[in-house]
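Subject: Structure handover

Hi,

Here is the structure for your files. My notes on it follow below.

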Amino acid sequence: MELDQNNIRKIRGLIVFAILILIGLYRFDIVIGSVSFILHILLPLFLGCAIAFILSVPMDRIQKMLFTKPLLSAKGKKKQRLEKMAHPVSLILAIIFVLALLFIVTALVLPQLATTATDLARSLPERIPNLEAKLENFFSANPEALSYLSTIEIDWQKLATGIADFFKSGIGNILDSTFVVAKGILSAFTSFFIGFVFACYILLQKETLGRQIRKLLFAFLPQKYAQKTIEICALTHKIFASFLAGQCLEAVILGSMFFVAMSIMRLPYALLIGVFIAFTALIPIFGAFIGLLLGTFLILTVSPAQALIFVILFFILQQVEGNLIYPNVVGGSVGLPSIWVLAAVTIGGSLFGIIGMLIFIPIVSVLYTLLRETTNHRLKEKKLKVE
């Protein structure tokens with residue numbers, strides 16, 4: 001290799017990069033601490049990007065519905081006025097839509113939840129003996145279960161003494177924890193407010209930001225790689241937006257299925273459990289199981305037999321949802337076959353929990369699409385046709 005000016009510059013860059021890697025490995029704790037500190041500072045900005053992405057889905061739909069046809073037919077100053085109005089009006093309507101949706105759900109759930117909590121608080125002490133009697137009758141065919149139930153005893157005096165000791169010894173810790181929680185809530189509210197304002201700026205100036213990013217890419221990268229990066233970013237945005245819309249649609253379908261089925265079978269708390277399952281169903285595949293615990297507990301206070309019916313109904317609807325609705329609605333919206341949807345949820349949940357479940361499906365869909373395009377392109381170059 002000739003040691004010209006270009007090669008010397010490359011060798012110098014490799015040496016500097018190797019030294020930085022060695023320093024980073026030697027003082028890995030400082031590197032991790034620095035990265036954590038930087039991420040903590042940038043958290044409101046990341047939150048703003050996430051809020052902007054969520055709001056962009058209804059905002060784009062509203063903008064297409066209200067402004068696409070008028071912009072195509074308008075000319076001159078009228079077109080300029082419509083272009084200026086499109087983003088602010090669409091953003092305001094998108095925010096109103098999201099807030100209205102949250103208000104409607106809250107108005108449906110909170111009153112019934114408060115009523116349920118009040119009824120449970122009043123009637124639970126009276127229902128416990130009746131519940132025990134019903135359970136004994138229900139499991140009368142199983143003497144082992146009856147013998148186990150008869151051994152369950154609650155020492156109320158010991159429980160009351162323990163609670164009193166806790167308040168005597170732990171009141172200081174409770175106050176300290178209260179201050180910590182209040183500080184955390186204030187910090188979270190501040191971060192959310194900054195992120196929301198940042199999201200509004202992103203959505204109002206997304207064309208300008210997109211143009212600036214494209215200029216940076218073409219200025220510092222070869223044209224081929226800059227163009228490929230833009231194509232991958234556009235594909236990623238499209239797939240993530242489709243996944244968000246499909247996930248919300250799937251949650252609505254599942255919650256409606258539970259509400260209708262429970263209403264037909266005259267099970268209690270149909271609306272409350274249906275809405276709760278719809279919310280938890282936003283967690284892919286496994287989220288609805290959280291609703292199983294709440295629903296079983298609530299119905300169990302009314303009737304053990306109805307609770308058992310609810311559990312059976314849950315697993316039937318869960319099988320329908322997991323094997324038919326979810327892979328087709330969500331998998332179809334991101335262009336990912338059903339088997340890879342299940343694989344992405346399993347791997348993402350194992351690595352990063354609930355967040356991993358949410359983001360791994362669109363990530364795997366992007367990788368699947370890129371791999372499919374690359375494979376087809378290579379086969380075309382080799383003039384091979386594989387069935």
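Helices (H or I, at least four residues) and strands (E, at least two) are taken as DSSP runs, numbered from the N terminus. On that basis the chain has 11 helices and zero strands. Its pattern along the sequence reads α-α-α-α-α-α-α-α-α-α-α.

Some ground rules. This is a predicted model, where local features need pLDDT of at least 70 and side-chain atom pairs count only at pLDDT 80 or more, while totals for chains, interfaces and linings use all residues. Residues are numbered from 1 along each chain as its sequence is written, and side-chain values use heavy atoms, with hydrogens and water left out.

Overall picture

Buried means under 20% relative accessible area, exposed means over 50%, and partly exposed is in between (1.4 Å probe, protein chains only). Buried residues account for 27% of the 387 residues in the chain. A contact means heavy atoms within 4.5 Å. Take the contacts between residues at least 6 apart in sequence: 68% of them join residues at least 24 apart.

The structure holds zero disulfides, a disulfide being a pair of cysteine sulfur atoms within 2.5 Å.

Helix packing

Axes are lines fitted to C-alpha atoms, for helices over the stretch in contact, and angles run from 0 to 180 degrees between N-to-C directions. Angles under 35 degrees count as roughly parallel, over 145 as roughly antiparallel, 65 to 115 as roughly perpendicular, and the rest as oblique. A crossing is right-handed if the near helix is turned clockwise from the far one by less than a right angle, and left-handed if anticlockwise. For residue classes, Ala, Val, Leu, Ile, Met, Phe, Trp, Tyr, Cys and Pro count as nonpolar, Asp, Glu, Lys and Arg as charged, and the others, Gly among them, as polar.

- α6 with α7. Helix α6 (residues 206-220) packs on α7 at about 150°, with the axes 7 Å apart. That makes α6 roughly antiparallel to α7. The crossing of α6 and α7 is right-handed. From α6, the contact uses R214, L217 and F218; from α7, it uses Q223, A226, Q227, T229 and I230. By class, the contact of α6 with α7 has four nonpolar residues, three polar and one charged.

- α7 with α8. Helix α7 (residues 223-264) and α8 pack at about 160°, and their axes are 8 Å apart. So α7 is roughly antiparallel to α8. The crossing of α7 and α8 is right-handed. On α7 the contact residues are A251, L254, G255, F258, F259, M262 and S263; on α8 they are A270, L271, I273, G274, I277 and A278. The contact of α7 with α8 divides into 10 nonpolar, three polar and no charged residues.

- α8 with α9. Helix α8 (residues 270-280) and helix α9 (residues 288-300) pack at about 160°, with axes 8 Å apart. That makes α8 roughly antiparallel to α9. The crossing of α8 and α9 is right-handed. L272, I273, F276, I277 and T280 of α8 meet A288, I290, G291, L294, G295, L298 and I299 of α9. Nine residues of the contact of α8 with α9 are nonpolar, three are polar and none is charged.

Why is α8 largely enclosed by the rest of the structure? Eight of its 11 residues are buried. They are A270, L272, I273, G274, V275, I277, A278 and T280.

Check the loop between α7 and α8, where R266 is found. Phi of R266 is near 60°, a positive value in a residue other than glycine. R266 is exposed, at 71% relative accessibility. Y269 sits in the loop between α7 and α8. Phi of Y269 is near 60°, again positive in a residue other than glycine. Y269 is buried, at 16% relative accessibility.

Two single residues

I202 lies in helix α5 (residues 156-204). Beyond residues up to four places away in sequence, I202 touches G48, C49, A52 and L209. The C-alpha atoms of I202 and C49 are separated by 7.7 Å, at 153 residues apart along the chain.

T369 is in helix α11 (residues 338-381). It is buried, with a relative accessible area of 7%. Neighbours within four places in sequence aside, T369 is in contact with L235 and I239.

Best wishes
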